[in-house]
Amino acid sequence: MQTHLLVGAVAYTPNVVTVWEGIRDYFAGGPAEMDFVLFSNYQRQVDALLDGTIDIAWNTNLAWVRTVARTEGKCRALAMRDTDTVFRTIFVARAGSAWEGLAALRGKRIALGSRDSAQAAILPVHFLRRAGVDAEYLRIDSDVGKHGDTGRSELDALRAVLDERADAAAIGIGTWEAIGRGELMPGAFEVVWTSPVYSHCNFTALPALDDERAAPWVDQLLAMDWDNPAHRPILELEGLRRWVPPQLDGYASLFDAVREQGIAEHW
Amino acid sequence: MSHRWVLDLVERVGAVAAGATVTVAVADTEAGSETDVDADAVAEWCRRTGNQLVELRGTLATVRRGRADPLAELAGLPAGQRPGTRLWLYTNFDCNLACDYCCARSSPHADRRALGLDRVRRLAAEAAGAGVTELLLTGGEPFLLPDIDELANACTAQLPTTLLTNGMLLRGRRLDALRRMDRARLAVQISLDSPTPELHDRHRGSGSWSRTLAGIRTAAEEGFRVRVAATLPVGLTSDVEPFHAFLDSLGIARADQIIRPLAHRGAADHGLTLTLESLVPEVTVTADGVYWHPVSADHDDHLVTTTLFPLASAIAEVRRLFAEHRARATAAAQWFPCA
């Protein structure tokens, strides 16, 4: 056990246990055996990565940006989900509003998810500011600390629109898919604007984890196979079809947003 | 009608572990309108998100996180109880007795409704290839059939077989038929309800106990493994030691002494209530179709399909239905926690 790589993840649903037990079992007996530690929030996890308690952190995009800042760029990303390379934010309003584009939201009241959610709070504000759109924000901090992973604050933002407490809501593509892209809620929502793609989660490591230990682990991770019945349930639960090398360009917008909005290093 | 409940489904199902179920209200209650449920939309949400709609009852949808694994449901049973392990064949429905609790409503007046040799031969052959490990022939009274020896031999040629009978007809040409059966592959199961005539004769007819006892002795003397099965009212199944002692004295092994409770089926006016949900299936084929269990082989509510062949498809359908019922029962257990 002493030589096992220790991977950290945040427990935002009970299925995190199932996912990581499955991944641990997948690595068992191979060249890069691992175990995992679960944290209640991303700050604890990043702290544990920096103090050497864990070797690798399964980080959200905001946790990645904060880790880069706290290590002065010395950390590195090892891999991410295919779905992490094509994440988007969707602005939705009540069906029939016929608003098209961010400019249509000028002066409107927009429901945002938890303040530490990149997809539902930080990046939406960034996109609106870049478009020169001033708006009023209804912030719904339902799951602070988990960087919006639970999705609850995004659902609450949608409820705020249905209840006419807000004119529009900003949510992640994952929540939009989960509600059937509006097709299962006739007369409820329509899309106002869809953001460019950006990167979401990644496995983050410090220089202390040398390539000799990291490379076999990454190689084996990338070899997980959607068509293998033993791997499939884990991939389905974690929301990907395959692991891919990191796409760091996709974090540029969040780095800008964090800097411009003065997001603290700790949260 | 905004289907606001979609948001609740996403939140509630997303918060539970894979395999767990949640029950969510899915009614559209717009102001001034009646409560309405869009069952198609609920099913479509489950399909798109890879979750399983266990049940939609009234305005409540019970959803399992992820998909149920039918094999996992079946794996929870002892190997011998898994549906499709044993295959029952109703050779016929007519009988020389008219027992007042007969689950199959058999009697001298019942239509024969025989499976016939060709179908029995094909069923036995397909059973061996479909994972069945034991065949059981029952009725009616199988020894009323002139070709019962051929039926039994068609089965034992494929798999170990048990032949159920009241044992009263094992004389003359019927005894000759028994003697032509395969002693190494065939067990004879004879119905006897009590160690003395009174209880047995009360339900099965005067004088039947003595003739059945003679049949048990004949089958044993002919070298067949003999099982004895008693059908008792639910309240009497606990005081059975005198009966076991009596069967011991006949040389019947304890493992071959079967006490079963009376089922509220067929001619019985009381007994255990058996439903598809409460009864682990044992695939049963009659001339009319494939049924859930031999105790309900004359009841449309337990008819699975009227298509006998291919047998493997019928067995697969029983397994699928069983897994469905199990999943629903598991969900029900989670709806009503004790604390």
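## The sheet in chain B

Let's start with the sheet in chain B, where nine strands line up in the order β11-β10-β9-β8-β7-β6-β12-β13-β14, forming an open sheet with mixed pairing. Its edges are β11 (257-261) and β14 (303-305) of chain B; each has a single partner strand, so one side of each has no neighbour in the sheet. On average, and ignoring direction, neighbouring strands are turned by 25° against each other. Keep in mind that this is a predicted model.

Zoom in on one pair: β7 (residues 134-138) of chain B and β8(B) run in the parallel sense and are joined over three bridges. Here Leu136(B) sits opposite Thr162(B) in β8(B). Lying across β6 (86-90), β7 and β12 (284-286) of chain B is helix α4 (residues 117-129) of that chain, at about 175° to β6(B).

## A loop residue: Asn166(B)

Follow β8 (161-165) of chain B towards α6 and you'll find Asn166(B) in the loop between them. Is Asn166(B) buried or exposed? Asn166(B) counts as buried, because it has 23 C-beta neighbours inside 10 Å, and the cut-off for buried is 20 or more.

Which residues does Asn166(B) touch, leaving aside neighbours within four places in sequence? They are Leu97(B), Glu141(B), Ile190(B), Ser191(B) and Thr212(B). Take Leu97(B): it is 69 residues away from Asn166(B) along the chain, yet 8.6 Å separates their C-alpha atoms.

## The two faces of helix α6(B)

Next comes helix α6 (residues 172-179) of chain B, where Arg174(B), Ala177(B) and Leu178(B) are buried. Why do these residues share a side of α6(B)? They span an arc of only 100° around the axis, and that puts them on the same side of the helix.

In soluble globular proteins, nonpolar side chains tend to be buried together. Here, the largest nonpolar core has 94 residues, and Ala157(A), Ala168(A), Ala169(A) and Leu254(A) have the most contacts inside it. The element giving the most to this core is helix α4 (residues 118-130) of chain A, with seven residues. Beyond its neighbours within four places in sequence, Leu254(A) is in contact with several residues, including Asn61(A), Ile122(A) and Tyr198(A).

Apart from that core lies another, of 67 residues; among them are Leu87(B), Tyr90(B), Leu170(B) and Leu247(B).

Note on methods. Residues numbered from 1 in each chain as written. Chains lettered and ligands numbered in written order. Predicted model: local features only at pLDDT ≥ 70, side-chain atom pairs only at ≥ 80, totals over all residues. Buried ≥ 20, exposed ≤ 12 C-beta atoms within 10 Å, placed from the backbone. Helix = DSSP H or I, 4+ residues; strand = E, 2+ residues; numbered from the N terminus. Arc of directions from axis to C-beta. Contact = placed C-beta atoms within 7 Å. Pairing = 2+ DSSP bridges. Axes fitted to C-alpha atoms, helices over the stretch in contact; angles between N-to-C directions. Core = buried A, V, L, I, M, F, W, Y, C linked by C-beta atoms within 7 Å.
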